[in-house]
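Subject: Structure handover

Hello,

Here is the structure for your files. My notes follow below it.

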Amino acid sequence: MNQVNIKDQESQPLSAVALIVLLLLPLGSSLCIDMYLPAYSNIAEYYNIPESYLNISMGIYLLGLAIGQLIYGPISDRFGRRKPLLIGSFLFVIASIFCCISPNYIIFLIFRLLQALGACAAIVLSRAIIVDSYNRNRQVRLLSLLSAINIVSPAIAPILGGYMLLYFSWISIFISVLIFSIFAFISSYIFIQETYIADNNSDINLKAKYNKKIINMLSNFKFLLFDKNYITFALSAALLYGLAFVWVTLSPAIVINEFKVPQYYFGYFFAMQCLGNTVGSLIAAVYSSEVYEIKLQKLGFLVLISCSVIVGLLFAVNLLNEILLAIAVVILYLAAGLTQPSLIAIACRAHPKMRGLSAGLLGFMQTSLGAVVAIICSIFYDYSMNSMVWLFLLFSISSYLIIHLKTIDMNNQNVEQVIN
């Protein structure tokens, strides 16, 4: 089958205000995940349920987040970016209202699911709009900045939620989310304009590859899943996202139980991951040119694997303490921050007419893998540092091998072309 090159559509960069709004919109989903964590016992008491049942609300939210990203991606390729963003933002508002006034836990779970379905529109479409509107270098820079901004939220949100509980009830946390959702809808309506323009003149006959009709969406999904150019970078980025959930899931037991760090310090210790990832993402944003893209990927993978091995060795000889662990976490997630934005940018720009679907499928893979990691860690975790070290190695090496094998395959193809 002959390869068809499709020229990227010309797009106007966003205004400064629109870009700021776009970068802030995905924070809504992070607030929904992290801000209510300190309130588990309060919510359980309010609904008269065991505290362990609150894990269901997290699973329900992640499920909605994963499914929603599969929906918004292809719909935005068919109808444009703005309308799905506004619909998702409005659903976010309505669901947030009912999360504040749900009379029982079942109703609360239903609207947590709807809240996720609304909030995830901003995650998918912010990426798609950035790739629509900017060239290669700016894409990586802005996706890195987007990543850095949304990494700060998990560090700050639990601390804010904890302080709100000192003065107000747990419902105040969801009122804060509601206020943000209203801001998201109004600002999207005012500042975010349509960025996707269908090119009806393109000569495309690759089995409805870029057909925007809803009836062919499943074919488009299948195409992306079996396309090496897309799936290589998307899967590698998803594995690095799963690496983050290893720390999110295991850190409470390890930091508090193994290293005897007081609970009131845990939020600050947890922020080490966010600090590292933010710094790495900002470095990737500064060095976003094509010259540095591959170098940053290689450096990131080298640091990830090396640091995981060193942490494992330090733990094996009883030299790992809470200070060294905190430093290691900063370094590990700094390396992930160096690598992940370029992987996302490459995946999302692989097929210009399927950017929405590409971003949605990537988000689905990331969220689903994060949920799987959380469940596996919760079920099989043996309450030792060994689990974390082995999972660090598993995810970092797997992510690297996927990219490395793709590079080898490309080199072999080039050699064959030269010989022929």
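What share of the contacts in the chain with a separation of 6 or more comes from residues 24 or more positions apart? The share is 86%, where contact means heavy atoms within 4.5 Å. This is a predicted model, in which local features need pLDDT of at least 70 and side-chain atom pairs count only at pLDDT 80 or more, while totals for chains, interfaces and linings use all residues. Residues are numbered from 1 along each chain as its sequence is written, and side-chain values use heavy atoms, with hydrogens and water left out.

The chain has 15 helices and zero strands (DSSP runs numbered from the N terminus: H or I of at least four residues for helices, E of at least two for strands). Of its 420 residues, 54% are buried (under 20% relative accessible area; exposed is over 50% and partly exposed lies in between, with a 1.4 Å probe and protein chains only).

Aromatic rings. There are 14 aromatic pairs in the structure. Rings of Phe, Tyr and Trp (its six-membered ring) pair if their centres lie within 6.5 Å; planes under 30 degrees apart are stacked, over 60 edge-to-face, and the rest tilted. Y47 and F108 make a tilted pair, because their ring centres are 5.7 Å apart and their planes are at 40°. Y47 belongs to helix α3 (residues 40-47) and F108 to helix α6 (residues 105-133), so this pair ties together parts 61 residues apart in sequence. Both residues, Y47 and F108, are buried. Ring pairs also join Y46, Y47, Y105, F108, W170 and F174 in a cluster.

S399. This residue is in helix α15 (residues 385-419) and is buried, because its relative accessibility is 0%. Its side chain has a polar contact of 2.6 Å with that of S236 (a pair of N or O atoms within 3.5 Å; within protein, one must be able to donate a hydrogen and the other to accept it, and residues adjacent in sequence count only if both atoms are side-chain atoms). Leaving aside residues up to four places away in sequence, S399 touches S236, L239, L240 and F301.

Cysteines. The whole structure contains zero disulfides (pairs of cysteine sulfur atoms within 2.5 Å). For C32, the closest cysteine sulfur is in C99 at 7.5 Å, which is too far for a bond.

Regards
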